[in-house]
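Hi everyone, thanks for coming. I'd like to walk you through one model today, going from helix packing to the sheet and then to a few loop residues. Please have the viewer open.

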Amino acid sequence: MTNNFVFALNSINFDENYHPLNTTRATTNFANLARGESRQQNLRNTLAMINNRFNALAHWDNPKADRYSVELEIVSVEMKIDHQGKEDSFPAIELLKTIIVDHHTNQRTEGLVGNNFSSYVRDYDFSVLLLDHNKDQPQFSIPNDFGDLHGKLFKSFINSATYQENFTKLPVICLSVSDNKIYHRTENQHPVLGVEYLPNESSLTEQYFKKMGLAVRYFMPPNSTAPLAFYFFGDLLKDYTDLELISTISTMESFQKIYRPEIYNANATAGKCYQPNLKNLDHSLTRIVYDREERNQLAIEQGKFTEEYFIKPYQTLLEQWSANYAA
């Protein structure tokens, strides 16, 4: 059954001239920034934030804080589906790849792939399946197989020849912390990732990403206001260089300052015992336009799109494939 799915990659640069592809999820954060009258200024300001943060973290041999810049590439993963004698396709996943430019040596080196993570099936799971499961129920619950299919599809991509041929390292995905969990600061500290925090309990996102094969650790980088969630395979602290980690921190922390200013652009830094608060009024806004309400509405639309064009048409195939899949 594993031959039913083949993965194909397309990529586009995320720069001031970026226009989202037709297959890009409309709720994808960087697509949200690239619309409207302020689109080009949004993109310029975002890239400037990323570069400034990178140079602040990579401060050694960098007295003017201008040695590095970060180039970003949006990687779209398309699933080719062999079904009933014909090949169909569905936009499966979008990741973000960083490239580090050293202006002292004129070298360009790969950073990390992953960073941001977008998935139509994830939209379906959270915005359609989970809501339907809990409709008119007295108590919230999670289906036993919640995230199973998505996790297997993701692991299938990571183990595919397509991934191996295009990327040298496994992905690291960097997300916001959960606003309904409490995080406790530990004594563990990394020179780049910063101070490690531990959550009081596992979140639904943690459980979902665990089915994708990913572990998670929470670190608050130097001069940040809150921890970030780093999802990874292997050993986060040993498998990646300092500059690779900095490329992810600078990129995703800058995005989070735009998307979650109440947490990541707060005027107070997380303490020893920290609970994120999306209603925190003591924060600063960036000069970048981001429509969070639109994003929430579109997630449901995209979940229904996935149900109509992927889950229902291929339901039997997906069930058989999932039952026979071995990572």
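Let's begin with a pair of helices: α4 passes α10 in a left-handed crossing. By left-handed I mean that the near helix is turned anticlockwise from the far one by less than a right angle, while clockwise would be right-handed. The names come from DSSP runs, numbered from the N terminus: helices are H or I with at least four residues, and strands are E with at least two.

Before going on, a word on where this comes from. This is a predicted model, in which local features need pLDDT of at least 70 and side-chain atom pairs count only at pLDDT 80 or more, while totals for chains, interfaces and linings use all residues. Residues are numbered from 1 along each chain as its sequence is written, and side-chain values use heavy atoms, with hydrogens and water left out.

Back to our pair. Helix α4 covers residues 148-158, and α10 covers residues 315-324. They pack at an angle of about 70 degrees, with their axes 10 Å apart. Axes here are lines fitted to C-alpha atoms, for helices over the stretch in contact, and angles run from 0 to 180 degrees between N-to-C directions. The two helices are therefore roughly perpendicular to each other; the classes are roughly parallel under 35 degrees, roughly antiparallel over 145, roughly perpendicular from 65 to 115, and oblique for the rest.

Which residues of α4 and α10 make the contact? From α4 we have Leu149, Lys152, Leu153 and Ser156, and from α10 Leu318, Trp321 and Ser322. Contact means heavy atoms within 4.5 Å. By type, the residues of this contact divide into four nonpolar, two polar and one charged. For the record, Ala, Val, Leu, Ile, Met, Phe, Trp, Tyr, Cys and Pro count as nonpolar, Asp, Glu, Lys and Arg as charged, and the others, Gly among them, as polar.

How many residues of α4 are buried? Eight of its eleven, which makes the helix mostly covered. Among them are Leu149, Leu153, Phe154 and Phe157. Buried means under 20% relative accessible area, exposed over 50%, and partly exposed in between, with a 1.4 Å probe and protein chains only.

Now please turn to the sheet. It is an open sheet of ten strands with mixed pairing, in the order β1-β2-β3-β4-β5-β9-β8-β7-β6-β10. The edges belong to β1 (5-14) and β10 (273-274), each with a single partner strand, so one side of each has no neighbour in the sheet. Two strands pair if DSSP finds at least two bridges between them.

Let's zoom in on β4, residues 107-119. On one side, β3 and β4 run antiparallel and are joined by nine bridges, with Lys97 standing opposite Val113 in β4. Their hairpin has four residues between the strands, and Asn106 there takes a positive phi near 60 degrees. β4 also pairs with β5 (172-175), in the parallel sense over two bridges. In that pairing Gly114 stands opposite Val172, and Asn115 opposite Ile173.

What packs on the sheet? Helix α2 lies across β1, β2 and β3, running at about 115 degrees to β2. Our friend α4 packs there too, touching β1, β2, β3, β4 and β5, and its direction makes about 75 degrees with that of β1.

Helix α2 (39-57) also meets α7 (242-259), at an angle of about 135 degrees with axes 8 Å apart. That makes α2 oblique to α7, and the crossing is right-handed. The contact includes Met49, Arg53 and Phe54 of α2, and Ile246, Ile249 and Glu253 of α7. Its residues divide into nine nonpolar, five polar and three charged.

Is Pro221 buried or exposed? Pro221 is buried, with a relative accessible area of 2%. Leaving aside neighbours within four places in sequence, its contacts include Arg53, Leu228, Ile249 and Glu253.

The phi of Asn223 is near 65 degrees, a positive value in a residue other than glycine. Asp61, in the loop between α2 and β2, has a positive phi as well, near 50 degrees. Asp61 counts as exposed at 59%.
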